[in-house]
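Work through the exercises below with the sequence and the model open. Each task is followed by a solution in steps.

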Amino acid sequence: MNKILEYQRIEGELINIDKKISQSNSMKVINQANDIANNAKSEMKELDKKAGELVSSFNKLQDIMQKNIQNIQNLEKQKVEVADKQQLRKLYDNIKTVNNNLNIIEQRLNDINKNIDWVLKKFQKIKGNVSNSKDKKIKAQQDLEEYKKSFDDKKVKLQAQLDSLKKEIPQNVFKLYQKVREENIYPAFVEANQEGDVIRCGGCKTQIPVAGINKLKNDGYIECERCRRIIFINQDK
Ligand SMILES: [Zn+2]
């Protein structure tokens, strides 16, 4: 049992090294850069949609403008008897309507202009952010490689220790260990916590039923029904 626990301890050191690497500042910068790139993608998609809407609004306004220009031309062609007050009134109303329409069109064109400005600025800003974070990411990737390398010697040494220890561990015990580790559970072997008659899993603290306690005492170990770890009794105690 001592050998497999030693094996577990050394594997824990290797796991800690991987954890240090994955929680390193460089890794954070890389992840942030990936997030920024992903967000930029969806923001660009939104901007593209907005730009499309602006173009279609602009085209619609152009149609309306054409119609109003047509109206003006029609009005110009009309021959109106100055004496005919009713006709004059009608002409005046028509001119007023066309004028109003042109004012509205001008206002809308201003709005579209402002929106186009906004889209362009936003587009530039996103482009800047992405390019900035890309530079940071490249630097972080280099730093991360350096950081990983700094553990290489240590990792080779620990792996060699594991390889030689493995030869001293009974196959059935090692298989038990491997089975739990394959589920990415660490530690795989935990000591039973004994308090009077109550025995609990050293991993998840679940109380072991009476039938389990008998098996634990007979075989020296039992699989936890809850967290799947191998619970053992420390014989040295
Ligand atoms: Zn458990």
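**Exercise 1.** Where is Arg-228 placed, and is Arg-228 buried or exposed, or in between?

Solution. Step 1: in this predicted model, Arg-228 lies in the loop between strand 4 and strand 5. Step 2: count the C-beta neighbours of Arg-228 inside 10 Å, which gives 15. Step 3: a residue is buried at 20 or more and exposed at 12 or fewer, so Arg-228, with 15, counts as partly exposed. Step 4: look at the backbone. Phi of Arg-228 is near 70 degrees, a positive value in a residue other than glycine. Most residues other than glycine have a negative phi.

**Exercise 2.** Locate Lys-205 and classify its exposure.

Solution. Step 1: Lys-205 sits in the loop between strand 3 and helix 6. Step 2: Lys-205 has 12 C-beta neighbours inside 10 Å and therefore counts as exposed. Step 3: its phi is positive, about 70 degrees, although Lys-205 is not a glycine.

**Exercise 3.** Which residues does Cys-204 contact, leaving aside its neighbours within four places in sequence?

Solution. Step 2: apply the contact cut-off, C-beta atoms within 7 Å. The contacts of Cys-204 are then Cys-224, Arg-226 and Cys-227. Step 3: for the pair Cys-204 and Cys-224, the C-alpha atoms are 8.6 Å apart in space, while the residues are 20 apart in sequence. Step 4: Cys-204 counts as partly exposed, because 14 C-beta neighbours lie inside 10 Å.

**Exercise 4.** What is the strand order of the open sheet, and which strands stand at the edges?

Solution. Step 1: the open sheet has three strands in the order 1-5-4, and the pairing is mixed. Step 2: strand 1 (189–191) and strand 4 (221–223) each have a single partner strand, so they stand at the edges, and one side of each has no neighbour in the sheet. Step 3: on average, neighbouring strands of this sheet are turned by 30 degrees against each other, direction ignored. Step 4: strand 4 pairs with strand 5 (residues 230–232) in the antiparallel sense over three bridges. Ile-222 has Ile-231 in strand 5 as its bridge partner.

**Exercise 5.** Which residues does the cis peptide bond join?

Solution. Step 1: the bond lies between Tyr-186 and Pro-187, with omega at about -5 degrees. Step 2: Pro-187 belongs to the loop between helix 5 (171–181) and strand 1. Most peptide bonds are trans.

**Exercise 6.** How do helix 2 and helix 3 run relative to each other?

Solution. Step 1: the axes of helix 2 (residues 25–77) and helix 3 (residues 85–149) come within 8 Å and cross at roughly 165 degrees. Step 2: angles over 145 degrees count as roughly antiparallel, and helix 2 and helix 3 are therefore roughly antiparallel to each other. Step 3: the crossing of helix 2 past helix 3 is left-handed.

**Exercise 7.** What span should helix 4 have, and how many of its residues are buried?

Solution. Step 1: helix 4 (residues 152–168) has 17 residues, and at 1.5 Å a residue it should span 24 Å. Step 2: its end C-alpha atoms are 25 Å apart, which agrees. Step 3: the count of buried residues in helix 4 is zero, and the helix is hardly covered.

Note on methods
Residues numbered from 1 in each chain as written. Predicted model: local features only at pLDDT ≥ 70, side-chain atom pairs only at ≥ 80, totals over all residues. Pairing = 2+ DSSP bridges. Helix = DSSP H or I, 4+ residues; strand = E, 2+ residues; numbered from the N terminus. Axes fitted to C-alpha atoms, helices over the stretch in contact; angles between N-to-C directions. Contact = placed C-beta atoms within 7 Å. Expected span 1.5 Å × (residues − 1). Parallel < 35°, antiparallel > 145°, perpendicular 65-115°, else oblique. Left-handed = near helix turned anticlockwise from the far one by under 90°.
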